[in-house]
Amino acid sequence: MATPQKQVMVVGVDDSEHSLYALGWTLDHFFVPFVSNSPFNLVVVHAKPTASSAVGLAGPGAAEVLPYVDSDLKRIAARVIEKAKEICTSKLVNDVIYEVGEGDARNVLCEAVERHNASILVVGSHGYGAIKRAVLGSVSDYCSHHAHCSVMIVKRPKIKH
């Protein structure tokens with residue numbers, strides 16, 4: 001009898017507390033330490049913006065700045081992946097694929113879902129209101145409409161004063 005292949009879970013991370021909380025929450029609820037029979041293979045994905053999108057239309061002289069911006073973005077991406085590795089290691093989850101994709105987070109996450117044939121995508125919620133979400137856009141909203149899998153949006157509990 002053939003062994004059933006595990007489903008893939010993609011977790012999107014960035015340098016926000018919200019996405020790192022979502023990663024930790026996911027590990028706590030779907031991955032049991034020392035048990036290798038989790039129903040999922042885990043893929044952690046970070047979307048690194050392109051240098052040109054980070055600089056935007058800066059005008060003359062922008063070309064000289066792009067290599068420095070790209071270097072900073074690569075350093076941030078490495079820091080985000082390192083933090084994700086620390087969280088996974090602290091939760092005793094070691095069989096993880098880490099990826100950095102370049103581009104808009106919405107597209108990078110949806111492409112990762114397709115590439116890995118993921119069953120579920122996990123993203124954190126920044127908790128923006130309607131106006132901020134309309135102006136800034138929402139990665140979770142976009143992914144919930146465009147990813148070809150189930151999307152779980154993890155919200156941090158509100159702190160009561």
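Which strand does Val151 lie in? Val151 belongs to strand β5, residues 150-154; strands (E, at least two residues) and helices (H or I, at least four) are DSSP runs numbered from the N terminus. The model is predicted, so local features need pLDDT of at least 70 and side-chain atom pairs count only at pLDDT 80 or more, while totals for chains, interfaces and linings use all residues. Residues are numbered from 1 along each chain as its sequence is written, and side-chain values use heavy atoms, with hydrogens and water left out.

Five strands make up an open sheet with parallel pairing, in the order β3-β2-β1-β4-β5. Two strands pair if DSSP finds at least two bridges between them. Strands β3 (96-102) and β5 are at the edges with a single partner strand each, so one side of each has no neighbour in the sheet. On average, neighbouring strands are turned by 25° against each other, direction ignored. Seven bridges join β2 (residues 40-48) to β3 in the parallel sense, and Lys48 stands opposite Glu102 in β3.

Helix α1 (residues 17-30) lies across β1 (7-13), β2, β4 (120-124) and β5, and runs at about 155° to β1. Axes are lines fitted to C-alpha atoms, for helices over the stretch in contact, and angles run from 0 to 180 degrees between N-to-C directions.

Val151 is partly exposed, at a relative accessible area of 24%. Buried means under 20% relative accessible area, exposed over 50%, and partly exposed in between (1.4 Å probe, protein chains only). Leaving aside neighbours within four places in sequence, Val151 is in contact (heavy atoms within 4.5 Å) with Leu121, Val123, Cys143 and Ser144. Val10 is 141 residues from Val151 along the chain, and their C-alpha atoms are separated by 9.6 Å.

**Aromatic rings**

The whole structure holds two aromatic pairs. Rings of Phe, Tyr and Trp (its six-membered ring) pair if their centres lie within 6.5 Å; planes under 30 degrees apart count as stacked, over 60 as edge-to-face and the rest as tilted.

| Pair | Centre to centre | Angle between planes | Class |
|---|---|---|---|
| Trp25 and Phe30 | 6.3 Å | 65° | edge-to-face |
| Phe30 and Phe40 | 5.9 Å | 80° | edge-to-face |

Phe30 in helix α1 and Phe40 in strand β2 are ten residues apart, and their pair links distant parts of the chain. Ring pairs join Trp25, Phe30 and Phe40 into a cluster. Trp25 is partly exposed at 25% relative accessibility, Phe30 is partly exposed at 27%, and Phe40 is buried at 13%.
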